[in-house]
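Subject: Structure handover

Hello,

Here is the structure I said I would pass on. My notes on it follow below.

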Amino acid sequence: MTISLYTTGDVKQYTAQEIEAVKELKEYSIPIDYLLFLKTYGLGEINNLLMFNIPDKDYVKSTFSEYMDIWQWEEGDEQKALDSISIGSTIDGDVICLIDAEVPYMILPRHSERPIKLNSLAEVIVHYDKMYGLKGDYYFDSYDDWERLSFDDFIQFKERRMEVVEQMHQAFLKEYTFDKAYHTEEQPLYLMKEIGGWIRFDLVYGHSVQLKYQKRHAEKAVEVYDFLQEIMKL
């Protein structure tokens with residue numbers, strides 16, 4: 001099974017030297033599909049839910065060694081987890097690890113007592129696809145050279161804050177084009193390749209509007225930000 005990811009901006013692929021450094025983290029073979037993922041996409045997030053971070057051979061041991069009894073273990077798996085390489089996490093606090101060459105992937109869930117072992121990275125992604133209802137519509141948000149701008153001072157508008165956020169939302173839709181849209185009913189998120197990122201409007205609580213971009217696309221991103229600032233002031 002292969003997973004194809006839509007990318008929001010320019011990815012920073014792992015170099016051959018960086019791949020070799022990952023291989024040397026443990027004595028067992030690092031799964032080919034994970035190395036291919038790093039060579040293709042590098043580090044970043046899938047749908048702002050599943051994060052792929054710098055692989056770390058010490059994270060689980062240093063963070064959970066005194067708390068491993070929060071999970072129920074099959075024979076031998078606790079030590080495998082302690083000796084694992086953490087490669088990612090989720091918005092809910094799960095930790096994704098590489099444990100050995102036989103069944104390479106282990107999920108240490110934040111809200112369950114039973115770790116989950118999986119055979120491939122695609123299975124890990126599909127697991128969270130089912131959990132979060134992504135329906136196979138994935139996008140990858142690179143960690144390379146990114147910045148975030150926020151409009152957070154909506155409390156000043158008191159009971160009008162929802163109205164103000166909606167005005168900004170409608171003005172954005174009239175002024176700019178986007179490449180893909182998610183969660184359009186409640187917290188619409190619009191992917192824009194022009195900025196190498198996305199913009200999100202909180203239409204549920206009216207608390208914030210956030211814009212994430214890659215610095216190499218800062219000119220366009222700041223243009224969008226300044227435009228919405230003017231709408232916010234009206």
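This is a predicted model: local features need pLDDT of at least 70, side-chain atom pairs count only at pLDDT 80 or more; totals for chains, interfaces and linings use all residues.

I start at Thr15, which sits in the loop between strand S1 (6–7) and H1; helices (H or I, at least four residues) and strands (E, at least two) are DSSP runs, numbered from the N terminus. Thr15 counts as partly exposed because its relative accessibility is 39%; buried means under 20% relative accessible area, exposed over 50%, and partly exposed in between (1.4 Å probe, protein chains only).

Residues are numbered from 1 along each chain as its sequence is written, and side-chain values use heavy atoms, with hydrogens and water left out.

Overall

The chain has 234 residues, of which 46% are buried. Its secondary structure comes to seven helices and 13 strands, and the C-alpha trace spans about 65 × 40 × 30 Å along its principal axes.

Cores

The largest nonpolar core holds 30 residues, and Ile30, Tyr34, Ile46, Leu98, Tyr105 and Val124 have the most contacts inside it. A nonpolar core here is a set of buried Ala, Val, Leu, Ile, Met, Phe, Trp, Tyr and Cys residues joined through side-chain atoms within 4.5 Å. Among the elements that each supply at least two residues of this core are helix H1 (16–23), helix H2 (32–40) and helix H5 (121–132). Leaving out residues up to four places away in sequence, Tyr34 touches Val22, Asn53, Pro55, Ile87, Leu98, Tyr105 and Leu121; contact means heavy atoms within 4.5 Å. A second, separate core of 23 residues includes Leu203, Tyr213, Val224 and Tyr225.

His169 lies in helix H6 (residues 161–175) and is buried, with a relative accessible area of 5%. Beyond four places in sequence, His169 touches Pro188, Tyr190, Phe201 and Leu203.

Aromatic pairs

There are 16 aromatic pairs. Rings of Phe, Tyr and Trp (its six-membered ring) pair if their centres lie within 6.5 Å; planes under 30 degrees apart count as stacked, over 60 as edge-to-face and the rest as tilted. The ring centres of Phe64 and Trp71 are 5.4 Å apart and the planes meet at 70 degrees, so this pair is edge-to-face. Trp71 also pairs edge-to-face with Trp73, at 5.9 Å centre to centre and 75 degrees between the planes. Trp71 is buried, at 6% relative accessibility. Phe172, Tyr176, Phe178, Tyr190, Phe201 and Phe227 form one aromatic cluster.

The largest pocket has a volume of about 330 Å³. Of its 16 lining residues, Asn47, Asn48, Leu49, His183 and Arg200 are the closest to its centre. (On a 1 Å grid over the protein atoms alone, a pocket is an open set of points where a 1.4 Å probe fits, with protein on both sides within 12 Å along at least five of seven lines; lining residues have an atom within 4 Å of a point. The volume is the space filled by probe spheres set on the points, which are joined across faces, edges and corners.)

Asn47 is in the loop between strand S2 (44–46) and S3, and is buried at 8% relative accessible area. Asn47 has a positive phi of about 55 degrees although it is not a glycine. His183 is in the loop between strand S10 (180–182) and strand S11 (189–192) and is exposed, at 55%.

Regards
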